[in-house]
Amino acid sequence: MLEQLKREFLSPGSEFTPIPFWFWNDDLKEEEIKRQIHDFKEKGVDGFVIHPRIGIPEEIEYLSERFMELVRCAAAEAQKLDMKVVLYDEGMYPSGSAHGMVVKSNPKFASRGLKLIEKEERGKVEISTAVQEDEALVAALAARKTGKGSIDPDSIKVLEPADGKIFADLPDEPGWFIFQFIETFSRGHIRGIHFGEDDGEPNAPPSTDLLNPDAIQRFIELTHEKYYESLKDYFGNTIIGIFTDEPGILGRGGIQGLIPWTYGFKEWYLSCGGNIKDLLAQWYDVGSETEQKRYIYRQVVNKRMEMAYYKPISDWCREHEIALTGHPSGSDDIGMLKYFHIPGQDIVWRWVAPEDDKALAGADSTQGKCSSDAARHMGRRRNSNECFGCCGPNGIHWAFSVDDMKWYMDWLFVRGVNLLYPHAFYYSIRGKRKEERPPDVGPNNLWWSYYKYISNYIKRMSWLMTDIVNITSVAVLCEGDHLSWAIVRPLFENQIEFNYLQKEFLIKGNARAEKGLIHIEKQRYKVLVIEDSSQVNESCKGIIQDFINQGGKVIICSGAAGLTGAIPIKRPEEIVDALDLVIERDAVLSEPCKDLRVTHVVKAGMHFYLLVNEGENTIDCDMTVSVTGSAEQWDAWKGTTAPAVIKRADKEGMVIAIRLERRESLIIAVDPGQSIETESAFELTADKEREADLPKEILTLNTGWKIVNSPIAVNMETELKSWTCFSELESFSGTLIYENRFHIDAQLSPDKSVYLDLGELHSFAVVTVNGEKTGIKMWAPFTFDITRFVKPGENSIQVEVTNTLANRYTDSKLPSGLIGPVKLYT
């Protein structure tokens, strides 16, 4: 079986392709659409999302017959090439408005919210309501302020307006206020597809009331039904899904200070357990129960959003044999994902990143697990992430490099994501189109000719993380709109796997406790971690207590919540020690390493450990795993496999030597049905290991370089330096070719491997030695094994160096080229 899986890994099917956002952002022509589709296919990209984007001329109206002709052209060409298409449900985003046509069909369908108007009063009060045209008074309250942002909860009184007047009998003292809660249009918008329709521009399309079921039915009629009418022959075969993108209830850029609301929402709010007095808690601190009152309001809004928006769209997609894919608005909105056939999230704006602790801290750091754990617990085969948009370092988005891309891909894969929607491939970068949410991570970037390395990597890793069971005994309880990051951070840093488990699944019975284990889909958990005792309410307390009584383990931070037998901890940092008392770790390192991420999955009976280096330094250690058997190490980037370096194997497990440079990943594949040959064990002593690993420099190559294709004369003969040191190259983006010669001592032992280290380089390099290409490196360290290419005596070397497009498009003057020092070592 392992041999069959290896063949699948090395040549995975097209279903595991990246499916990029394809920005349709210019004057679209059929021939150019076809040309670009063929270009995608040639680079190993077997699908795309058709994303209408700003820059389309007004002559091509959204969902017009001409627009649909172009979509049909793309679908037909994709079908010829056995490619897949995902439709996008908006023009441009966020979703739900059909480019403003929903509101155009009925102005009452515009997005609405609840605003608060307050006025200080005392004694007997008779004031007019502050309601204006198209507004409605929802409630009026009187209360005493105890500070700038706080209210005495015992002072809150419900008032009964009549005939446009509000009456109150208040104490004759300062600090009392009348509060009016008024339903109003939010005046929000979406970003449109024509110039003049962006944020802050007069023609930005109005946003829809997403809490209004009638408005969403109109959205479906205008968008989904229109697509089906024109493309039904492609549904369920070439067209595999429709993407909904971060629908926002209030729209963008609307009235500040509103909270979500809609027609008739007062009755919905009260029927779901809300209290009119608690509306003040959405703006003010009203005492110890403030957070609980806000929590109830959020749950009521989320439930309405699910019923009004997500469920009808999900049902429509299922009935039309395509998947609802995309993502909700919040990075940890795991509850909304139940309606997605392909749950997803999005990494944009470098909210997650290798620097500034962004990999593990904050709500955005949970989104990889958000989609993958939702999929695991709902039996969904795939889960996705829209990634790379506006993720350039230091806000220079055209400086986004394959170095960055590799970090993001690995960050996602090791957390269980198995479908990537790269953001974005641009139809055009003409004029200011290149400035709209850059960069192009595909055909209009300098790495495009090498993109097959990227697409093959995505396919192999997506294959690995599909049709699997995740091996962990730890579940972390979560809310539908909040995933703890603080308590799971030590788990990531100590290679302890976990999955987020929604409280809703316990309450509704999707997850059940049986013989001391929580069962849900294919997962089994013996430990439930609870971040805060406030998560344990009456609806789930009995279920959790029953789990403990059966022998399950519950570790709870910040109080015991009345659970008998729970293991209390005071701080998130204590979670590892607490877990070590109740479980055996699946993977243990010979020395601590906070930058190593590990996930263990079983696929077709074979065990796979995916290891990712999320840090900046080389990881070199031993890892003891609980599974034994014949082991190999697979490299998804290079597409190679080799025997794993097993240092010891017994009934307790295997000790495997691990080495990962920065930006590297490694897969350990274990066939538990095959025994380990004793003689294949790794038997070097510690001294020999150190000696074998010690590099021996044989020459430096920092002088004598010539650039053979520079647009200007540059001198690198005596010193390597950045291209930006030459004023004429400060804004240059592209590829320059360096050439040099070096001498290898004829006495060099033939059993020595020879390596080339290019030192500092921006941004990627292709090396040729003696006329033969040795490989490409797209991130540091820029080290090449050139053993089989060198010869005793004189050798020639050529290094093609390509920077990013930042200097050309943003005049950033970022360091570029080969800077070195360049060394050869054995």
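Of the 195 residues in the largest nonpolar core, W24, Y227 and L528 touch the most other members. A nonpolar core here is a set of buried Ala, Val, Leu, Ile, Met, Phe, Trp, Tyr and Cys residues joined through side-chain atoms within 4.5 Å. Helix α8 (residues 290-319) gives the largest share of this core, nine residues. A second, separate core has 33 residues, including L701, V714, I744 and V769.

The model is predicted: local features need pLDDT of at least 70, side-chain atom pairs count only at pLDDT 80 or more, and totals for chains, interfaces and linings use all residues. Residues are numbered from 1 along each chain as its sequence is written, and side-chain values use heavy atoms, with hydrogens and water left out.

Helix α3 covers residues 65-80. Helices (H or I, at least four residues) and strands (E, at least two) are DSSP runs, numbered from the N terminus. The 16 residues of α3 reach 22 Å from first C-alpha to last, close to the 22 Å expected at 1.5 Å a residue. That expected span is 1.5 Å times one less than the number of residues. Just after α3, D82 takes a positive phi of about 55 degrees.

The buried residues of α3 include F67, M68, L70 and V71. They pack against several elements, among them β1 (21-24), α2 (30-42) and α6 (224-231). The axes of α3 and α6, lines fitted to C-alpha atoms over the stretch in contact, come within 10 Å. They cross at roughly 60 degrees, on a scale from 0 to 180 degrees between N-to-C directions. The two helices are therefore oblique to each other; angles under 35 degrees count as roughly parallel, over 145 as roughly antiparallel, 65 to 115 as roughly perpendicular and the rest as oblique.

At this crossing, F67, M68, V71, R72 and A75 in α3 meet K226, Y227, S230 and L231 in α6. Contact means heavy atoms within 4.5 Å. Y227 also touches Y62, L63, L87 and Y88, among others.

**Two buried residues**

Buried means under 20% relative accessible area, exposed over 50%, and partly exposed in between (1.4 Å probe, protein chains only).

| Residue | Location | Relative accessible area |
|---|---|---|
| E436 | loop between β18 (419-426) and α11 (451-464) | 8% |
| C387 | strand β17 (residues 384-389) | 0% |

Leaving aside residues up to four places away in sequence, E436 touches F23, R53, I54, M92, R191 and Y426. With the neighbours within four places likewise set aside, C387 is in contact with I347, L412, L420, Y421, P422 and H423.
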